Each structure stands twice: as structure tokens, then as C-alpha cells.
Amino acid sequence: MYKADFQLVVDFVRSLYASDNFIPLHVPVFKGNERKYVLDTIDSTFVSSVGAYVNKFENLMCEITGAKYAVAIVSGTNALHLSLILAGVEQEDEVITQSLTFIATCNAISYLKARPVFVDIDRDTLGLSPDALEQFLSSSTEVRNDGFCYNKISGRRIKACVPMHTFGFPCRIDKIVEVCKRYNIFLVEDAAESIGSYYKEKHTGTYGSIGVFSFNGNKTVTCGGGGAIITNDNEIAKKAKHLSTQAKVSHRWDFYHDEVGYNYRMPNINAALACAQLEQLDLFIESKRDIASLYSSFFDHTNIEYIKEPDNTKANYWLNAILLKDRFERDLFLEFTNDQGVMTRPSWELMHHLPMYKDSQHGDLTVSEWIAERLVNIPSSVKL
Ligand SMILES: *Cc1c(COP(=O)(O)O)cnc(C)c1O
């Protein structure tokens with residue numbers, strides 16, 4: 001009974017990608033200036049963290065997102081780590097995030113020996129719910145005389161909030177900004193998956209004090225490995241660049257470092273690849289949105305729900321996602337499609353189910369649990 005329906009999905013994906021071979025979830029496409037720019041860094045010997053492409057990459061990121069400043073970082077995870085340092089997160093502080101996210105969000109919190117607190121997501125955006133956030137803050141926290149928000153149960157300071165734009169679908173970020181402001185909570189947007197995604201016509205990552213992007217191999221735009229921090233705050237941008245370059249004070253020959261820094265600057269060879277890819281961002285997004293619209297019409301005629309971009313957003317459709325009836329049907333679908341050579345994947349295991357975070361504080365996570373049991377990502381590579 002399931003098999004016939006699932007076979008239709010497999011056939012559709014095969015026709016979409018015109019392939020009888022294994023169809024991966026997301027692979028990069030290098031049909032622009034990638035080879036030229038990378039060879040350029042090799043020919044010039046400027047392959048490392050000083051070079052024209054790193055600056056060009058930062059300028060492109062500003063142009064694309066509309067942010068005033070962009071700082072090139074070695075990876076999205078490192079960009080998140082640095083952002084939380086810039087947010088002033090210290091040991092034993094708490095950081096509010098969603099349980100339905102990639103592990104990197106929580107790793108960054110844990111690197112600082114801070115603690116994640118999980119609140120629920122919205123059913124339509126799959127991202128942090130401003131209502132769940134408000135509900136948690138109003139019931140469990142208080143803003144004290146020092147101006148900071150404290151958790152009444154744990155007694156810890158809540159320093160930052162990291163919502164995530166899941167699979168490139170923007171969450172209700174304007175509302176989240178408003179709530180965080182009221183409770184004096186520093187907002188870092190994990191926009192790792194949402195390059196080219198807009199909420200109310202503004203690029204994701206530009207609503208928070210800091211936005212973080214990833215250019216890992218499986219993302220919409222890749223440079224092998226890489227990340228970026230964007231911000232409109234000159235002080236934050238300067239500090240981000242300083243900390244990402246070993247906190248070295250600029251001088252022609254002296255090695256003087258004025259605080260503990262990090263070797264987090266993106267190398268020029270990666271930036272070259274990133275520039276070539278970013279030049280094609282509009283083409284990539286157009287292709288991904290075409291694919292999304294074909295999936296959408298296809299799934300309209302099935303019993304499977306296809307997740308569409310939420311109201312007021314333009315999504316990059318990084319990874320297309322569907323909802324099966326329940327966990328049992330999801331597992332049958334995963335087994336069937338992967339057996340047939342069409343790669344599909346469930347959502348990440350929820351963070352509060354992992355051993356490191358099983359004792360973390362969390363609000364009601366009904367929507368996160370419901371989605372995690374049913375969601376499957378299907379092949380989403382750009383077609384050029
Ligand atoms: C990919 C990703 C990251 C981490 O980026 P890397 O560049 O792989 O370190 C962080 N958060 C989310 C939500 C991601 O999807």
C-alpha cells in the first residue's frame with residue numbers, strides 16, 4: 001500500500017534530476033568562476049588568510065544581505081562560537097535556542113561552558129516560536145537591577161538567544177527581535193542555512209545584532225568549509241575581525257596580542273571559491289525555487305504534506321522537506337527511498353534527546369517533537 005505511493009515519489013525525483021543513478025540530498029555545482037578564482041590564489045601564492053578574495057567575499061556578503069559589515073570566518077560553527085563571545089556569553093550563562101537544530105548551534109554554546117535552554121518552534125516556519133519564547137520568559141524569568149534577564153528556576157543569567165532559520169525557511173524574526181529587546185537578551189541569528197532567504201523583504205541574519213552563515217559543502221553556497229558573521233554594528237565587526245585573527249594588534253613587524261584570540265579567519269583559497277559561488281547566488285535560488293514549485297505541485301496530488309515557505313517570507317529552499325503521517329510511515333519511507341538510491345534524511349535528533357543536553361531546561365516542545373517524528377528532507381541540489 002505504501003510502496004506504490006513511495007515509488008511515485010522516487011520516480012518523480014528521478015525525473016526531476018533526470019538520473020537513474022544515486023541521487024544525493026545536496027551536492028555543490030561548480031559551473032562559474034570557481035576554477036579560475038581558485039587557480040588565481042594558487043598562482044599568486046596568496047592561499048591563506050590574507051588575500052584579495054577574503055575582502056571581496058566580505059563585500060559580496062554585505063551587498064547580498066544588506067548588512068553594513070561582514071567578517072569571513074573558517075566555518076559556521078566557529079562563527080557561532082565567536083558571535084556568542086561577542087554577545088558577552090560567559091560560563092554558566094544560559095542561551096535560549098530551539099531543540100530542532102543542527103548540533104553546531106549547541107556546540108557553540110557548550111564551547112563557552114554556557115547552557116542551552118530550549119523553547120518550541122512554530123509549525124509553519126520550523127524556527128523558534130516568538131510566542132513560546134515570550135511565554136517562557138514571562139513565566140520563568142525576571143529582569144533584575146543590573147539590567148540582565150535571570151532565570152528564576154536556575155538563577156542563571158540569560159545572555160543570548162539563537163533562533164535558527166530551518167532549512168532556509170525564515171522564522172518570525174521581527175517578533176523575536178521585539179521580545180529579546182524587552183528582556184535585554186542579545187540576539188544572534190543562526191542563518192547558516194538561509195543565504196538568499198528573506199523575511200519581509202529583508203535578508204535573514206540582518207534582524208539580530210549578529211547573523212551567522214555557513215558555506216559548508218552541503219549548503220546552498222559552498223566554499224569547501226567557511227562561515228561569515230554579519231552585523232550593522234561597527235564595534236562588533238571590528239572585534240569579530242580582531243578576535244578571528246589571533247587578537248593581533250596590527251603592526252609591520254611586532255607580534256603583540258592584546259587578548260586571547262582565535263585562528264578563525266577564512267583562508268583566501270576558500271574565499272575564492274565562495275566568491276565564485278556567491279556570484280551565482282541568484283541563479284542558484286532561482287533553480288531551487290523552480291525545483292520547490294515542481295515538488296509542491298507534485299505533492300499536492302499525494303497524501304504527503306510538502307512544506308512551503310511561510311507567509312511574509314521568500315525562502316531559498318535549501319533542503320526541501322515533507323511530512324509523513326507518523327514515525328512508522330516516516331521510517332518506511334526512509335528505508336524505501338534510500339534502498340532505491342534516492343537519498344532522504346530525517347530531521348536532526350532533537351537536542352534535548354542527546355546525552356549532553358538531556359538535563360537541559362526546556363519549555364513545552366510539542367511542535368518540535370511532532371515535526372521531528374514526521375519530517376524528511378528530499379533531494380534538493382541546484383540544477384544548472
Ligand atoms: C551548517 C550549520 C552550521 C554550521 O556550519 P559549519 O560551516 O558546518 O560549521 C550551524 N548551524 C546550522 C543550523 C547549520 O545548518
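Biologist: Why are H6 and H7 called roughly parallel to each other?

Modeller: In this predicted model, helix H6 (residues 130-140) and helix H7 (residues 173-182) pack at an angle of about 15 degrees, with their axes 9 Å apart. Angles under 35 degrees count as roughly parallel, and H6 and H7 are therefore described in that way. The crossing in which H6 passes H7 is left-handed.

Biologist: Which residues of H6 and H7 meet, and what makes up the contact by class?

Modeller: From H6 come Pro130, Leu133, Glu134 and Leu137, and these meet Lys175, Ile176, Val179, Cys180 and Arg182 in H7. Sorted by class, the contact of H6 with H7 has six nonpolar, no polar and three charged residues.

Biologist: What makes H4 and H8 oblique to each other?

Modeller: The axes of helix H4 (residues 76-86) and helix H8 (residues 234-244) come within 10 Å and cross at roughly 125 degrees. Roughly perpendicular covers 65 to 115 degrees and roughly antiparallel begins over 145, and H4 and H8 are therefore oblique. Their crossing is right-handed, and the contact is made by Leu82, Ile85 and Leu86 of H4 together with Ile236, Lys239, Ala240, Leu243 and Ser244 of H8. By class, the contact of H4 with H8 has six nonpolar, one polar and one charged residues.

Biologist: How do you know whether Lys219 is buried or exposed?

Modeller: The relative accessible area of Lys219 is 8%, and buried means under 20%, so Lys219 is called buried. Lys219 lies in the loop between strand S10 (210-214) and strand S11 (227-231). Not counting residues up to four places away in sequence, Lys219 touches His26, Ala192, Glu193, Ser214 and Trp318.

Biologist: What does UniProt place at Lys219?

Modeller: An unreviewed UniProt entry places the feature "active site" at Lys219, and the UniProt annotation "modified residue: N6-(pyridoxal phosphate)lysine", also from an unreviewed entry, covers Lys219.

Biologist: Why is Gln280 called buried, and where is Gln280 found?

Modeller: Gln280 is found in the loop between helix H9 (268-278) and helix H10 (281-300). With a relative accessible area of 8%, Gln280 falls within the range for buried, whose limit is under 20%. Leaving aside neighbours within four places in sequence, Gln280 is in contact with Lys31, Gly32, Glu34 and Leu384.

Biologist: Which residues of helix H5 are buried, and what covers the buried residues of H5?

Modeller: In helix H5 (residues 103-111), the buried residues are Ala104, Thr105, Cys106, Ala108 and Ile109. Their cover includes H4, strand S2 (94-98), strand S3 (115-119), strand S6 (157-162) and strand S7 (186-190). H5 is followed by Lys113, whose phi is positive, near 55 degrees.

Biologist: Which residues of helix H12 are buried, and what do the buried residues of H12 pack against?

Modeller: In helix H12 (residues 366-374), Ser368, Ile371, Ala372 and Arg374 are buried. These residues pack against strand S14 (320-323), helix H11 (327-339) and strand S16 (375-378).

Definitions and conventions
Residues are numbered from 1 along each chain as its sequence is written. This is a predicted model: local features need pLDDT of at least 70, side-chain atom pairs count only at pLDDT 80 or more; totals for chains, interfaces and linings use all residues. Side-chain values use heavy atoms; hydrogens and water are left out. Axes are lines fitted to C-alpha atoms, for helices over the stretch in contact, and angles run from 0 to 180 degrees between N-to-C directions. Helices (H or I, at least four residues) and strands (E, at least two) are DSSP runs, numbered from the N terminus. A crossing is left-handed if the near helix is turned anticlockwise from the far one by less than a right angle, and right-handed if clockwise. Contact means heavy atoms within 4.5 Å. Ala, Val, Leu, Ile, Met, Phe, Trp, Tyr, Cys and Pro count as nonpolar, Asp, Glu, Lys and Arg as charged, and the others, Gly among them, as polar. UniProt positions are given in the numbering used here, feature names are shortened, and annotations may be inferred rather than shown by experiment. Buried means under 20% relative accessible area, exposed over 50%, partly exposed in between (1.4 Å probe, protein chains only).
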